[in-house]
Amino acid sequence: MQTQNPPTGHPTSHHADDNAVIKAVDIHGDHRLGLYVALVFARDVTPVKPKVLVIVNINRLDHGVVAGVIVDGKIVKWLKLPDVSVVKELKRLHQRVRELEKRAAREIDPAGRARLEEEVGRLKSKRFGVIRDAVVKMAKELVGLAVKYHAAIVVDGIDERTYSARKQSGEGGARKHLYDGLGQLRRRLQRLAQWYGLPYREVRLYSTVCPRCGAKMREAGGRRMQCPACGFSDHRDNIPIYWAKRRYWEILQKQPVFSAITLLTRKFLHL
Ligand SMILES: [Zn+2]
């Protein structure tokens, strides 16, 4: 028997169903799945009225995800995800894929080329798995933090249009896979937030405007930003967290993306 949902990677999946009750039972026939029963669970959650924000700056995977916990307008915790080892592993796989692709393109012997292409396919699915695992782990850690602090989850990320434009651009060609996890992470955060009754918000926060004085900042090399007006300087990926701190009250009062009190999830019981 297979079950689907709640999404895997729950911080507390062992009691995720504590107050879930079966609201409906549907029997379906499906050419792919065969006959199955869909149990519709409803979980009553009390929506959190947050005083704390967990800000997540979703970035290209090799630049990592920077997150901050803001309590009463103060940043009390910083996180940088995923592990350096994961980023290294992704870079290594990426490099290996490119090498083998080049070799396959030059290979004259059809059998030799087929072997190389097969290896490329294997490494690509491995890379996909690494990205997926990293996303699951990051979402779990971030939502776990939000549950602990009864916080709203606030995602600052590139919007869907920028995301697909970059994926299709030259940069996207070589580094496309580094963007692949971003949409996954955002969707996962949203779904888990909903499951736990945590408010979820998406905001655009500056990364090149000085959070101290509002002047346009300059790149100072190594992804550091420096303000020519007041001298403030920090890593580019940290700037949005300072902006969230500055906009703390406004973000707290923003309407969540969803405000469901009763959440539905389905469990598929394959017969
Ligand atoms: Zn400044």
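**View 1. Helix α5, tucked into the predicted model.** Six of the eight residues of α5 are buried, so the rest of the structure largely encloses this helix. The buried ones are Ile239, Pro240, Ile241, Tyr242, Trp243 and Ala244. This is a predicted model, and α5 (residues 239-246) has the highest mean pLDDT among the elements of the protein, at 96.

**View 2. The largest nonpolar core.** Here we're looking at a core of 51 residues, in which Leu53, Val54, Val56, Ile153, Val154, Leu189 and Ala244 touch the most other members. The elements that each supply at least two residues are β3 (52-58), β4 (65-71), α2, β6 (151-157), α4 (170-195), α5 and α6 (248-253). Helix α2 is the top contributor, giving eleven residues. As a bit of background, nonpolar side chains tend to be buried together in soluble globular proteins.

**View 3. Zooming in on isoleucine 153.** Which residues does isoleucine 153 touch, leaving aside those up to four places away in sequence? They are Val54, Val56, Ala146, Leu189, Ala193, Leu198 and Tyr200.

**View 4. Helices α1 and α2 side by side.** Helix α1 (residues 84-106) packs on α2 at an angle of about 160°, and the axes are 9 Å apart. Since angles over 145 degrees count as roughly antiparallel, that is therefore how α1 and α2 run relative to each other. Their crossing is left-handed. On the α1 side, the contact includes Val86, Leu90, Leu93, Val97 and Leu100, along with Glu89, His94 and Arg96. From α2, the residues taking part include Leu116, Val120, Leu123, Val130 and Ala134, plus Arg113, Glu117 and Lys124.

**View 5. Valine 136 on helix α2.** Valine 136 sits in α2, the helix that spans residues 110-149. Buried or partly exposed? Valine 136 has 17 C-beta neighbours inside 10 Å, so it counts as partly exposed. Its C-alpha atom is 7.6 Å from that of leucine 185, a residue 49 places away along the chain.

View 6. The protein has a mean pLDDT of 80, with 68% of its residues at 70 or more. Strand β11 (residues 262-270) has the lowest mean pLDDT among the elements, at 46. The pLDDT is below 50 over residues 259-271, although this stretch has 47 contacts in the model beyond near neighbours in sequence. Residues 1-17 also stay under 50, with 30 contacts beyond four places in sequence.

How values were computed:
Residues are numbered from 1 along each chain as its sequence is written. pLDDT is the predictor's confidence in each residue, from 0 to 100. Helices (H or I, at least four residues) and strands (E, at least two) are DSSP runs, numbered from the N terminus. Two residues are in contact if their C-beta atoms, placed from the backbone, lie within 7 Å. A residue is buried if 20 or more other C-beta atoms lie within 10 Å of its own, exposed if 12 or fewer, and partly exposed in between; C-beta atoms are placed from the backbone. A nonpolar core is a set of buried Ala, Val, Leu, Ile, Met, Phe, Trp, Tyr and Cys residues joined through C-beta atoms within 7 Å. Axes are lines fitted to C-alpha atoms, for helices over the stretch in contact, and angles run from 0 to 180 degrees between N-to-C directions. Angles under 35 degrees count as roughly parallel, over 145 as roughly antiparallel, 65 to 115 as roughly perpendicular and the rest as oblique. A crossing is left-handed if the near helix is turned anticlockwise from the far one by less than a right angle, and right-handed if clockwise.
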